[in-house]
Amino acid sequence: MAREPVPGRVKTRLAAALGPVRAAELYGGFLADTLGLVTRLRLPASVFTTGGRLAGFRELAPAGTSWVPQGSGDLGARMRRAFAACFRAGARRVVMLGTDSPGLPARHVRAAFRALDRCDVVLGPALDGGYYLVGLDRPRPELLRGMPWGEPSLLEATARRARETGAGLALTDPWFDVDNARDLALLRDLAARGEFRPRPRHTLRILEKFARS
């Protein structure tokens with residue numbers, strides 16, 4: 001799930017610390033590194049966009065990647081539409097990623113696919129109480145309706161909904177989203193300690209440029 005990195009339209013909470021232009025540039029690094037992760041996974045991929053051509057990013061995705069508009073509605077509606085499209089195209093298991101978790105290890109995504117061999121739903125817990133990935137064995141629109149999007153109760157609410165519907169649930173290892181100044185401070189701290197090593201290094205290069213200016 002991707003957005004075009006336009007100042008004022010992406011990472012608006014982060015823009016309070018960086019300004020809209022730098023926030024959009026940093027989000028572009030997140031997007032580029034996420035596409036690099038998808039390439040390393042060597043799996044069929046679709047990028048669901050909120051509009052725009054994403055010029056300069058398409059060549060970073062694996063060959064054969066489909067680029068599909070997310071359409072209208074809240075995040076849940078757009079996610080339901082994206083999952084349905086992937087399953088209609090013949091997928092047996094689908095793992096959906098956002099683009100706010102730079103440096104996400106490929107092993108976390110591979111673990112999600114393995115978990116779907118033995119359960120119905122897999123969630124990747126984010127440190128802010130949400131989730132950085134969600135995987136399904138089939139379309140489950142009830143899991144993505146009426147959720148507290150953007151709230152720290154999202155993971156708990158989604159896990160509860162999965163249990164209420166009788167779906168078997170698994171969790172991957174935690175990771176983090178970068179949405180605000182506190183998250184950015186964590187990212188910079190990890191980078192300074194050498195514990196943030198995304199491949200490729202788009203996000204790191206942008207952080208280094210910001211540090212020099």
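Which residues are buried in helix α5 (residues 154-164)?

A: This is a predicted model, so local features need pLDDT of at least 70 and side-chain atom pairs count only at pLDDT 80 or more, while totals for chains, interfaces and linings use all residues. Residues are numbered from 1 along each chain as its sequence is written, and side-chain values use heavy atoms, without hydrogens and water.

In α5, the buried residues are Leu154, Leu155, Ala157, Thr158, Ala159 and Ala162. Buried means under 20% relative accessible area; over 50% is exposed, and in between is partly exposed (1.4 Å probe, protein chains only). Helices are DSSP runs of H or I with at least four residues, strands are runs of E with at least two, and both are numbered from the N terminus. Contact here means heavy atoms within 4.5 Å. Just after α5, Gly166 has a positive phi of about 80°.

Two loop residues come next. Thr99 sits in the loop between β3 (94-97) and α4. Thr99 counts as buried because its relative accessibility is 7%. Beyond residues up to four places away in sequence, Thr99 touches Met1, Ala2, Tyr27, Phe30, Leu31 and Thr34. The side chains of Thr99 and Tyr27 make a polar contact (2.6 Å). A polar contact is a pair of N or O atoms within 3.5 Å; within protein, one must be able to donate a hydrogen and the other to accept it, and residues adjacent in sequence count only if both atoms are side-chain atoms. A polar atom of the Thr99 side chain also lies 3.5 Å from the backbone oxygen of Met1.

Gln70 lies in the loop between β2 (66-69) and α3 (75-88). Gln70 counts as buried because its relative accessibility is 3%. Its side chain makes a polar contact with the side chain of Arg78 (2.6 Å). A polar atom of the Gln70 side chain is 3.4 Å from the backbone oxygen of Ala2. Leaving aside neighbours within four places in sequence, Gln70 is in contact with residues including Met1, Ala2, Phe48 and Arg81.
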